[in-house]
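Here are some notes for a colleague who has not looked at this structure before.

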Amino acid sequence: MTDRPVAEGPAAEGPAADEPAGRSAILVARNLERRFDGHGRDGGIVAVDGVSFEIGACETLGLIGESGCGKTTTAKLLLGLDKPTGGSVLHHGRDVASLDREGRRTYRRSVQAVFQDPQSSLNPRMRVGAIVREPLVAAGGTPRAEVRARVAETLERVGLEADAAHRFPHQFSGGQRQRIAIARALAMRPELAVLDEPVASLDVSVRSQILALLKDLQSQFRMSYLLISHDLATAGHLCDRIAVMYLGRIVETGSADEVYDSPRHPFTRELLEAARFAFADEVDTKRGTADETAVSRPVTGCRFRTRCPMAEEICARVDPQLHAVSPTQQVACHLA
């Protein structure tokens, strides 16, 4: 087994070892599509193009790719912050788009988010206690005394002092602000947390602490994560499975060990080589903005072929589809 690139610092214990391998899916994305500025491939940008995956109980799935590949748009579709132009999102088998008002409320409680930059995602005019309390109050159904107790408990769980509730976000460091953002999501006791580049804006020393905290909280609360990241080092530290995304599509999926030990897609190999030779905060696999990458997409065949060192004639003619190369690993490549 080759050495996996890992984030700096010690890892916390993961989910319980007796968790069954065959988990029922909490959330399923089925052929998700999101198109902008038009109604077809010639009329606009296809940011998400037929993306499918599922997330089981107490599991972490990493959705990994370059800036502009569509991974954050995918997260917005799952969170209900944007509407898909095709496909569906299923929560315990129920189509989220068809939920009634109470069903949508339950879904919002069950699926929470932690965003990249806590400085912009936390209201600077609100005290920390109010920030953590806000989603509980908005959701309703929780007695006032229980809300106060949960806020205090949650802040303690993420490693903040009791008086943190009475202070403002600007009075904390970047790592502490991210702990506040995690506490806000955790207060709802969700089944699934969507982590959108949760450590990308943090210093290296703080990054390892937040990753260890996320692992520990997952073990305590037995929840699932969807990690959105460009960084395979972070994914290797946190994820059970990895889905690699390129220009709106998933090009490889598998367990974290499989993706690191036996990457089958040339783009996955490119990301892996970048992660092996640099620390997470020094890795920059960005090749351009979302508009630039969308414009450079080949009209036919494999969308990675213009960058692929192994491209052959079939790659220009036929768009490769995901196919199994092992019982748990799939790749969209003619030459895998």
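1. Accessible areas here come from the Shrake-Rupley method with a 1.4 Å probe. On that basis the accessible surface of the protein chain is about 15700 Å², and carbon and sulfur atoms hold 49% of that surface. The model is a predicted one.

2. The chain is built with 12 helices and 12 strands. It has 336 residues, of which 51% count as buried. Among contacts with a separation of 6 or more, 71% join residues 24 or more positions apart.

3. Helix H4 (residues 128-139) packs against helix H6 (residues 174-186) at an angle of about 30°, and their axes lie 7 Å apart. Angles under 35 degrees count as roughly parallel, so H4 and H6 are roughly parallel to each other. Their crossing is right-handed.

4. On the H4 side the contact is made by Val 128, Ile 131, Val 132 and Pro 135, and on the H6 side by Ile 180, Ala 183 and Arg 184. By class, this contact of H4 with H6 has six nonpolar residues, one charged residue and no polar ones.

5. H6 also packs with helix H7 (residues 204-221), at an angle of about 20° and with the axes 10 Å apart. H6 and H7 are therefore roughly parallel to each other, and the crossing is right-handed.

6. Which residues of H6 meet H7? They are Gly 175, Gln 178, Arg 179, Ile 182 and Leu 186. Facing them in H7 are Val 206, Gln 209, Ile 210, Leu 213, Leu 214, Leu 217 and Phe 221. The residues of this contact of H6 with H7 divide into eight nonpolar, three polar and one charged.

How values were computed
Residues numbered from 1 in each chain as written. Predicted model: local features only at pLDDT ≥ 70, side-chain atom pairs only at ≥ 80, totals over all residues. Heavy atoms only, no water. Axes fitted to C-alpha atoms, helices over the stretch in contact; angles between N-to-C directions. Helix = DSSP H or I, 4+ residues; strand = E, 2+ residues; numbered from the N terminus. Parallel < 35°, antiparallel > 145°, perpendicular 65-115°, else oblique. Left-handed = near helix turned anticlockwise from the far one by under 90°. Contact = heavy atoms within 4.5 Å. Nonpolar A, V, L, I, M, F, W, Y, C, P; charged D, E, K, R; others polar. Buried < 20%, exposed > 50% of the residue type's maximum accessible area, 1.4 Å probe, protein only.
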